[in-house]
Amino acid sequence: MYVAAGFAAKRAWLVLFYGLIGLGSLAKGVAGFVPLAIVIGDTIMAHGGVGLKRLGSIPGWVVLACLAVPWWIVAATSAGHKRFVRGFVLNDQLLSYFGRDAWGWQTIAEPVSFAVTVLLPWGLLLPFAIRRALREADPDTVRRVRLLFVWLGTVFVMMAVSGKQRERYYLPLCPAAALLIGWWYSTLAWRGRARAFAGAWIAVVAAGVVLVKLDTPHFNATTDLHALRAVLSQAPAPLYSLDLQDLALSFNLDRAVVNAKTLQRFEARVRHAETGYLIISDRALRTQPGDPCMRRLAGGLVTRQPFTVLDPTECSRRPLSADDRRALGRAHER
């Protein structure tokens, strides 16, 4: 939409552009505004600060406000000021995206590793495309290719500083990289390029099929939930997890698994008459003080991580201590 509005001089497309940004914010919160950051960066690179006037669209801003703002108002009024500001605005939206608990060599290496991995295998051609782009002399082509560079740089930086690191979060790099490689391919003059690239594509697909076929049994062997399924079949109850991959558990069990955050918070919930099983990693369990009220029901494995299933039924019969009440209060506040 931005390209249609700017490169084709059809400003009416800006309305739809802002509408899509609004939908993105509903889907992913602050992350939905990443395309807007790309557009602002590209506009400044091309036209300077005064060029931001090109992004002005009162109808588009109205559409964006109508989509994004009402949800924030409803969340603020229903959750209360303290919970909304601290729990949603600061923790869920700002700190989780732009805050890091610690900085070190892994903080730098992890984003680079994710970006390189998500661009494979065709990302291997990206250096050749970048080298060709830096040698381009045509002003119109340079202007268009520069947008792709801004896209790549903006997305990588914003994801790299984010407190939430997942390989899939770097997928927005793929369209820009694909367009850049596709443009480089179109500049090649040798005749056999079509056959060469078609052969490479077929080889990559064939290799991928073989690797998936060989790797799937090994990957599936890293997860064993038979004992947990047996427990649930006899006595179903809500599931909570601690220090494990919630999505992997939810996917394999085909039911919701809620992150318990801490063992103390889970115990406080249980003693407040809430029921459920706790699936806790063995490494986390070893670091916790012994609690006889948590009965061990079963064990298992999820993505190479051994875990234990705890039944806190006996905990619910104990009176709440002062520490429990404080933990419960913090849990309800969150």
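Two rings of Phe, Tyr or Trp (for Trp, its six-membered ring) make a pair if their centres lie within 6.5 Å, and planes over 60 degrees apart count as edge-to-face.

**Close-up 1. Aromatic pairs, with Trp-184 and Phe-197 in view.** This is a predicted model, and it holds seven aromatic pairs. Here, the ring centres of Trp-184 and Phe-197 sit 6.2 Å apart with their planes at 65°, so we call this pair edge-to-face. Trp-184 belongs to helix α9 (residues 173-187) and Phe-197 to helix α10 (residues 193-220), so the pair ties together parts that are 13 residues apart in sequence.

**Close-up 2. The aromatic cluster around Trp-184.** Take a step back from that pair and you find one aromatic cluster, made up of Phe-128, Trp-184, Tyr-185 and Phe-197.

Close-up 3. Gly-22 is part of helix α2. With a relative accessible area of 0%, Gly-22 is buried.

Close-up 4. Which residues form the positive surface patch? They are Lys-28, Lys-164, Arg-166, Arg-168 and Lys-261. Lys-28 is found in helix α2, which covers residues 13-28. Lys-28 has a relative accessible area of 46%, making this residue partly exposed.

Conventions: Residues numbered from 1 in each chain as written. Predicted model: local features only at pLDDT ≥ 70, side-chain atom pairs only at ≥ 80, totals over all residues. Heavy atoms only, no water. Patch = residues over 30% accessible without salt bridge, like charges linked within 9 Å, V, L, I, M, F, W, Y side chains within 5 Å. Areas by Shrake-Rupley, 256 points an atom, 1.4 Å probe, with all protein chains shown as cover. Salt bridge = Lys/Arg side-chain N within 4 Å of Asp/Glu carboxyl O. Lys, Arg positive; Asp, Glu negative; His and termini not counted. Charge placed at Lys NZ, Arg CZ, Asp CG, Glu CD. Helix = DSSP H or I, 4+ residues; strand = E, 2+ residues; numbered from the N terminus. Buried < 20%, exposed > 50% of the residue type's maximum accessible area, 1.4 Å probe, protein only. Phe/Tyr/Trp six-rings, centres within 6.5 Å; stacked < 30°, edge-to-face > 60°.
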